[in-house]
Every structure is written in structure tokens, then in C-alpha cells.
Amino acid sequence: MSAVPESKLSTRCCIVGGGPAGMMLGLLLARAGVPVTVLEKHGDFLRDFRGDTVHPSTLQILDEIGLLAKFEQLPQHKVQHLSGIVGGREQQVIDFRGLKPFDYLALVPQWDFLELLASEGRRYPHFDLRMRHAATGLIGENGRTLGIRAEAGGRTYELRADLVVACDGRHSTLREAAGMQAREFGAPMDALWFRMPREGSDPEDTFGIVDRGHMMVLLNRTDYWQAAYLVPKGGDQALRAKPIARLQDSIAQLAAFLTDRTATLKSWDQVKTLEVRVDRLERWYRPGMLLIGDAAHAMSPIGGVGINLAIQDAVAAANALTPALLAGHPVDAVPLRAIQRRRLAPTRWTQAVQLQIQRRVISPALSKSGRSPRVPRLLRWLLRYHVVRNIPARIFGYGFRREHVKLPAAKI
Ligand SMILES: Cc1cc2nc3c(=O)[nH]c(=O)nc-3n(C[C@H](O)[C@H](O)[C@H](O)COP(=O)(O)OP(=O)(O)OC[C@H]3O[C@@H](n4cnc5c(N)ncnc54)[C@H](O)[C@@H]3O)c2cc1C
């Protein structure tokens with residue numbers, strides 16, 4: 001895996017970042033017979049993960065590449081509907097039942113999911129995954145990217161490639177090195193991320209709770225709850241200056257069934273702050289380089305779609321890039337432009353939905369009015385109908401444009 005780097009290397013396609021976008025693209029290219037090197041700066045996938053929602057669109061891709069059976073062996077919790085508890089009143093809002101071919105979303109720890117993609121990739125001779133290798137910059141000539149500079153174990157080296165794909169997330173090093181700037185759309189919140197023990201008598205659902213200026217999402221991870229407690233943007237420092245009891249009280253107020261367990265949160269060290277950000281690049285490529293996933297468009301956690309959009313980008317990219325990469329000549333702008341054109345609209349529409357929810361639901365919910373919020377009566381009435389609850393399930397579960405794997409696996 002992490003061999004001592006030679007000072008100069010080359011590959012057909014260099015992917016920077018072993019998150020959902022990078023691992024799926026690496027796997028699909030190697031599976032189609034393209035020599036690919038994936039660099040991941042961490043030594044494992046147990047990073048500061050962000051979410052573990054594997055939506056139907058991703059399940060479908062896993063099925064298409066024959067990985068679904070292995071995926072189903074991972075520890076997971078299948079969710080068919082999502083509820084909100086608003087001002088003490090439960091309201092089902094998203095319902096996957098009746099959707100085809102998958103009528104649920106799977107909650108799977110992201111590290112297990114990424115490890116599955118990595119181990120599948122390792123079956124292919126052209127798949128070279130380098131853990132603890134960090135890209136530090138780009139090599140270019142006359143405006144064309146020719147490769148990257150990287151660092152591993154205190155040594156630096158160059159890796160040349162016909163194409164570099166930046167999958168290095170919202171704080172993309174390569175995006176910065178290329179001087180590309182994303183347009184920021186803003187987010188009213190950040191998330192405090194921590195665990196609470198889960199007991200047999202707890203609710204089965206994964207749900208969000210909103211009350212009197214506080215909001216928390218609880219993800220059922222079978223033996224514990226993964227909690228995302230939302231705070232107004234930048235508000236975590238003020239909260240952290242207070243005793244942890246302040247957060248314990250707020251958790252108990254939102255979810256009374258957790259009252260006897262809030263003391264397991266003993267210090268702020270157990271609570272991570274995850275920055276929420278929504279942005280998008282105007283242009284996702286330049287000669288010799290493509291950006292996908294959060295590196296091209298950071299997604300809000302709303303709807304838990306970021307992983308799935310990153311995967312859809314990877315599938316679209318693999319479909320468009322494989323012929324040129326297999327032919328072994330530098331990739332020109334045509335397929336790169338086609339990838340952006342294909343993925344821009346679904347990204348833009350998904351972000352538009354997220355921004356509306358941020359504006360109309362999250363901002364008011366986090367305001368300090370102290371009043372108990374209520375779901376408007378008309379909406380409550382509409383949400384009684386299963387077909388209405390299917391609409392957000394379709395948008396978040398399958399996305400605005402479905403990608404399919406078009407390339408067969410090379411023989412191994
Ligand atoms: C609070 C929060 C909660 C979220 N919850 C969910 C959720 O429940 N479901 C969901 O679908 N989405 C969620 N998201 C969004 C989701 O995390 C992202 O959209 C998704 O991870 C994007 O995948 P990616 O592969 O593009 O980037 P990332 O997942 O960010 O992966 C980038 C990878 O690149 C590596 N890397 C970075 N720099 C370098 C470098 N220089 N060299 C080598 N490697 C590098 C990183 O270590 C990382 O592994 C959430 C986001 C936030 C902020």
C-alpha cells in the first residue's frame with residue numbers, strides 16, 4: 001500500500017482524495033482496465049466522517065457493479081421513512097416505500113463503505129491506492145495540468161498523469177493550487193457531532209427534532225445514536241465556553257428518552273464541530289484536470305445527499321473518461337466539459353432545494369424566539385399522503401438525474 005515513494009512516477013489517471021467520489025471513480029476506472037492511482041492523505045478511512053446515508057441511487061450503482069451482496073453484509077440500518085418531531089409533535093416527512101428498485105436508505109458507517117470500495121478496487125491489477133500520501137500541489141505547463149506533487153513519510157515526489165481528478169473535498173488543495181474559486185451560497189448552521197448510547201426501548205427511527213431554538217438529528221447506528229446538534233453558524237465557540245452540562249440539558253430537552261444518558265458526554269473533547277458549507281465552482285475542469293464531488297460543489301448535510309452526489313459524479317466521470325484513458329492519449333476538454341454539463345443541473349437543483357430548506361426551516365428553527373415551532377396545517381394535511389412523502393424521498397433518494405455504470409468490467 002504505502003510504499004516509499006520514488007521521486008518521479010507516472011500513471012494514466014491520478015485521483016486525489018479517497019472519499020466517496022475518489023474511491024468510486026478509482027474503482028470504476030480500474031475495473032474498466034485504466035491504470036489509476038488514488039492518493040489519500042489519511043492512513044485509514046476513520047477520518048472525521050460526515051454522514052453515512054447510502055441512498056437508493058448509490059445502492060443501484062452497487063448493484064450494477066455486482067457489489068450489493070457484499071455491501072449488504074456490512075453493519076447497517078435500513079430506513080424506509082424519516083420523521084421530524086416538531087414542537088413535540090411527530091410528523092413523517094420522507095417516505096421511501098413504494099419507490100423502485102430500492103425503497104430504503106441504508107445507514108452504513110462511511111469507513112466501512114469506503115473500505116468495501118477499496119477492497120473491491122484491490123482486486124484489479126490497475127488499482128493503486130496510496131494511503132498517507134497527500135497531494136501538495138500541481139505540475140503544469142502552458143496552463144495544462146501534467147500531474148501533481150505529493151508528500152508521503154516526509155518525502156516529496158511527483159506523479160505525472162494524463163488526467164488529474166481532484167476529489168479532495170470541500171477544502172480542496174488542488175482547487176486552491178489551480179487558483180479556482182467556488183461561489184459561496186452560505187449556510188446558517190454548523191453541526192456538533194457526538195454519540196449517545198442506544199437502548200433496546202429507544203425509537204427505531206432516524207429522525208430530526210426541532211424545538212424552541214434547538215435542533216438535533218439522531219441517526220440510528222444500531223448500538224448507538226450518532227447525533228448532529230445544529231448550532232447557528234460560528235456559534236460553537238460561545239457554546240463551548242460554557243460547561244458541557246449546557247449541551248446535556250439541551251439534548252434532554254429535545255429527546256427526553258436520552259436524559260439518563262447525557263452524562264456519558266463528559267467533556268467537549270467528545271464533541272466535534274463540523275463546518276457546514278454550500279458552494280459550487282463555475283467551471284469544474286481545466287486542461288488535464290477535473291474536479292468532482294465536494295471539491296467542485298460542497299453540499300449541505302440536508303437530505304444526506306453529499307455522498308450520493310459525489311458517487312453520481314464519479315459514475316458520470318468514469319463513463320465519459322474511460323475511452324480516452326484506455327486509448328492512452330491526454331484527455332482533451334470535450335469529455336471534461338460533458339461531465340460538468342451532465343452533473344451541473346442535478347447539483348444546482350439539489351443545492352437549490354437545500355438552500356430553501358436552510359432558509360425556511362433551519363434558520364427559523366435556530367432563531368432564539370423561544371416559541372415552540374409548528375408545521376403549517378396545510379403541509380401537515382398534505383404529508384398525511386404517502387405519495388406526497390414520496391416526493392422528497394425521490395429527490396433525495398434518487399436525485400434529479402440518475403447515472404448508470406455503462407462500462408463492463410475488464411477480465412482479471
Ligand atoms: C456536518 C455534515 C454532515 C453531513 N452528513 C452527510 C450525510 O449524512 N450524508 C451524505 O450523503 N452527506 C453528508 N454530508 C456531505 C458529505 O460529507 C460530502 O458531500 C461527501 O463526503 C463528499 O464526498 P467527496 O468524496 O467529494 O469528499 P470527502 O468525503 O470530503 O473526501 C475527500 C477526501 O480527500 C482526502 N484529502 C483531502 N485533501 C487531500 C490531499 N491533499 N491529498 C490526499 N487526500 C486528500 C480527505 O482525507 C478525504 O478522505 C455531510 C456534510 C457535513 C458538513
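Which residue has a backbone N or O atom 3.1 Å from a nitrogen atom of the ligand? The residue is K41.

1. Basis. This is a predicted model, in which local features need pLDDT of at least 70, side-chain atom pairs count only at pLDDT 80 or more, and totals for chains, interfaces and linings use all residues. Residues are numbered from 1 along each chain as its sequence is written, and side-chain values use heavy atoms, with hydrogens and water left out.

2. Besides the backbone of K41, T173 places a polar side-chain atom 3.3 Å from a nitrogen atom of the ligand. A polar backbone atom of I307 is 2.8 Å from an oxygen atom of the ligand. The ligand taken alone exposes 1000 Å², and the protein buries 96% of that (accessible areas by the Shrake-Rupley method with a 1.4 Å probe).

3. The shell. The ligand is surrounded by 35 residues, counted where a heavy atom lies within 4 Å of the ligand. E40, T53, D294, G304 and I307 are the closest. By class, the shell holds 13 nonpolar, 13 polar and nine charged residues; here Ala, Val, Leu, Ile, Met, Phe, Trp, Tyr, Cys and Pro count as nonpolar, Asp, Glu, Lys and Arg as charged, and the others, Gly among them, as polar.

4. Elements at the site. Helices (H or I, at least four residues) and strands (E, at least two) are DSSP runs numbered from the N terminus. Two or more shell residues come from each of α1 (20–31), β2 (36–40), β9 (134–141) and α8 (306–327). The largest share, four residues, is that of α8.

5. Packing around α8. Axes are lines fitted to C-alpha atoms, for helices over the stretch in contact, and angles run from 0 to 180 degrees between N-to-C directions. The axes of α1 and α8 are 8 Å apart, at an angle of about 30°, which makes α1 roughly parallel to α8 (under 35 degrees; over 145 is roughly antiparallel, 65 to 115 roughly perpendicular, and the rest oblique). The axes of α8 and α9 (residues 333–366) come within 9 Å and cross at roughly 160°, so α8 is roughly antiparallel to α9. For α2 (residues 56–64) and α8, the axes come within 9 Å and the crossing is at roughly 40°; these two helices are therefore oblique to each other.

6. Handedness. A crossing is left-handed if the near helix is turned anticlockwise from the far one by less than a right angle, and right-handed if clockwise. α2 passes α8 in a left-handed crossing. The crossing of α1 and α8 is right-handed, and α8 passes α9 in a right-handed crossing.

7. Backbone points to check. Most residues other than glycine have a negative phi, and most peptide bonds are trans. The peptide bond from K100 to P101 is cis, with omega near 0°; P101 is in the loop between β6 (89–95) and β7 (105–107). R132, not a glycine, has a positive phi of about 60°, and lies in the loop between β8 (127–131) and β9.

Conventions
Polar contact = N/O pair within 3.5 Å; in protein donor to acceptor, adjacent residues only side chain to side chain.
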